[in-house]
Amino acid sequence: MIAGNAGLALYLWAFFSLTAVATVIVISFFSTAILQRLERYSPAARRRFLWCMAGAPFFVGGVAIVVTLLPSMSHELGWALDHCHSHGNEHGHLCWYHPATFHVFSGLGLIALVSFLFLSLHAVSAVRKLWRHAQETRTLMSFATPGADGVYRLESDVPGAFTAGFLRPRKLITQGLEQALTPVELNVVQLHESVHVTRHDPLQVFLFKLFMQLFPRSVRMRLNGMFEVAVEQDADTFVAGQMQDRLIIATTLIKVSRLAARVSPQQWVSTSCHFGADALEQRICLLLDEKRYLPFPARTILAVLSLLTAVSVYYAETLHHYIEYFISH
Amino acid sequence: MILGELEKLVLNYLWQAREADAKQVHQHFEKRRGGSLNTIQSTLDRLHKKGLLRREKIAHAFRYRPAMDRTAFIGELIRSVTHDFSADTDSLMSAFVSLSAEQDERQLERLEAMIERYRQNKSKDDK
């Protein structure tokens with residue numbers, strides 16, 4: 001048994017975990033329908049929607065524990081009457097004044113433990129991979145030659161251009177690709193990579209994938225794939241706006257893909273290549289498609305969130321007692 | 001693939017010298033950056049274990065030579081950096097085109113035909 005604020009923290013943690021899992025289940029259940037609807041939105045809007053989905057378990061979990069604590073917190077802050085007297089304070093409950101006793105050997109104890117272990121393992125694994133990636137990038141950078149244009153050149157026949165690095169992303173291009181492209185095509189590639197650098201896309205992709213670790217594998221794969229395509233399409237759209245020519249971007253994409261495909265398969269084969277082939281087609285289709293895509297409905301989302309928060313706050317007392325009932329039975 | 005500073009220097013030296021034993025490598029670096037023969041020997045051993053150097057025992061000493069040339073090694077490094085973050089996700093970097101994608105020639109031809117149709121329609125519209 002753990003009493004006091006530690007007990008309360010464990011209750012909150014278990015409640016946070018349960019709410020986060022419930023959110024993951026709901027999003028996963030509706031993910032196919034959501035993804036289909038997202039096709040109508042611009043790449044930038046799609047990115048934001050996907051971020052909302054990835055962050056939802058943490059956001060909803062956080063809101064849930066704040067709302068649960070609101071009655072007792074408002075009493076503590078002097079905004080409301082003595083909340084605890086309203087139910088006689090006869091059983092353990094979530095409250096700042098009478099922290100509940102947390103039973104370690106209970107269903108909630110198991111939930112708290114499993115969720116803690118799950119998140120800790122993922123956090124340690126992410127830090128380890130992050131460190132390894134940073135070291136590998138540093139090693140690669142030490143063999144790259146910086147150019148006056150901010151692009152790092154790699155002495156390799158492999159045709160490739162990419163942005164690497166999380167905190168200080170840098171554009172890299174191989175000599176193999178540079179020699180194969182015309183100045184205009186090279187400009188397309190460099191502008192595209194500059195967008196990734198400005199937006200810190202490698203870091204965004206990393207964080208998005210980290211958040212998505214909570215989701216089941218099949219859902220995670222689709223959402224990760226859609227996010228990566230949206231990141232690339234967003235950069236393509238920006239370059240198209242700068243160059244006023246969508247065709248040159250599309251033809252450069254094909255040319256670079258063809259050059260990359262000539263590289264021996266064993267050199268480039270990945271553990272998941274089903275997605276990349278699709279990605280190229282989606283990017284070209286977007287470039288050739290002149291229909292207007294919907295922007296991110298920021299005001300609508302803000303209004304819905306405000307409404308939900310207001311309703312949650314209004315029913316906070318009821319929700320609080322439901323949770324207490326759930327814990328004590 | 002992660003390399004330490006000395007490992008990179010030794011590798012660069014061996015790409016130029018083509019072949020050397022620990023003593024020769026040590027002599028080269030002794031003047032430039034100091035360090036003991038032992039350090040050089042363990043660096044060469046680590047590079048050998050990483051598959052970057054080949055070695056052959058001649059008399060009582062190993063002679064080392066690069067397992068691949070500089071451009072092939074940089075190609076390996078690119079592959080390593082762009083390698084998947086986890087078993088089910090793609091790379092962590094943003095590439096102009098996915099370096100890990102399997103682009104099949106027929107798909108590329110189909111996309112090219114799509115671009116050509118778009119170009120023709122566009123020029124018709126402009127006229």
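Visitor: Why are Glu116(B) and Arg119(B) separated by about one helical turn?
Guide: The two are separated by about one helical turn because they stand three residues apart in helix 5 of chain B. Helices (H or I, at least four residues) and strands (E, at least two) are DSSP runs, numbered from the N terminus. This is a predicted model, in which local features need pLDDT of at least 70, side-chain atom pairs count only at pLDDT 80 or more, and totals for chains, interfaces and linings use all residues. Residues are numbered from 1 along each chain as its sequence is written, chains are lettered from A and ligands numbered from 1 in the order in which they are written, and side-chain values use heavy atoms, with hydrogens and water left out.

Visitor: What do the side chains of Glu116(B) and Arg119(B) form?
Guide: Glu116(B) and Arg119(B) form a salt bridge, with the closest N and O atoms 3.4 Å apart. A salt bridge is a side-chain nitrogen of Lys or Arg within 4 Å of a carboxyl oxygen of Asp or Glu.

Visitor: Which residues are joined into one network by salt bridges that share partners?
Guide: That network consists of Arg47(A), Arg199(A), Asp201(A) and Asp234(A). Over all chains, the count comes to 22 salt bridges.

Visitor: What about Glu178(A): which side chain does it meet?
Guide: Glu178(A) meets Arg153(A) in a salt bridge at 2.8 Å, N to O. Distant parts of the chain are linked here, as Glu178(A) lies in helix 4 (residues 175-180) of chain A and Arg153(A) in strand 2 of chain A, 25 residues apart. Arg153(A) has a relative accessible area of 18% and is therefore buried.

Visitor: Over in chain B, what does Asp21(B) meet in a salt bridge?
Guide: Its partner is Arg63(B), at 3.7 Å, N to O. This pair also links distant parts of the chain, with Asp21(B) in strand 1 and Arg63(B) in strand 3 of chain B, 42 residues apart. Asp21(B) counts as buried because its relative accessibility is 16%.

Visitor: In what order do the three strands of chain B form their sheet?
Guide: The order is 1-3-2, in an open sheet with antiparallel pairing. Two strands pair if DSSP finds at least two bridges between them. The edges are strand 1 (20-21) and strand 2 (53-58), each of which pairs on one side only. Strand 2 and strand 3 (residues 61-66) of chain B are joined by six bridges, and the bridge partner of Arg55(B) in strand 3 is Tyr64(B).

Visitor: Changing topic, which residues have the most contacts inside the largest nonpolar core?
Guide: They are Leu140(A), Leu172(A), Leu44(B) and Phe73(B), in a core of 32 residues. A nonpolar core is a set of buried Ala, Val, Leu, Ile, Met, Phe, Trp, Tyr and Cys residues joined through side-chain atoms within 4.5 Å. Helix 1 of chain B gives the largest share of this core, six residues.

Visitor: And what is Leu140(A) in contact with?
Guide: Leaving aside neighbours within four places in sequence, the partners of Leu140(A) include Leu154(A), Phe162(A) and Leu172(A), together with Ile74(B) and Val81(B). Contact means heavy atoms within 4.5 Å. A second, separate core has 21 residues, among them Phe208(A) and Met226(A).

Visitor: Where is Ile115(B) found?
Guide: Ile115(B) is in helix 5 (residues 105-126) of chain B. At 3% relative accessibility it is buried, and among the residues that Ile115(B) touches are Leu247(A), Ile254(A) and Leu288(A).

Visitor: Which residues form the nonpolar patch on the surface?
Guide: Phe59(A), Val60(A), Val304(A), Leu305(A) and Leu308(A) form it, with about 420 Å² of accessible area together. Patches are made of residues with over 30% relative accessible area and no salt bridge; like charges are joined within 9 Å, nonpolar side chains (Val, Leu, Ile, Met, Phe, Trp, Tyr) within 5 Å. Accessible areas come from the Shrake-Rupley method with a 1.4 Å probe, and for residues only the protein chains shown count as cover. Helix 11 of chain A supplies the largest share of the patch, three residues. Val60(A), in helix 2 of chain A, is partly exposed at 32% relative accessibility.

Visitor: How many helices and strands does chain A have?
Guide: Chain A has twelve helices and four strands. Of its 329 residues, 47% count as buried.

Conventions. Buried < 20%, exposed > 50% of the residue type's maximum accessible area, 1.4 Å probe, protein only.
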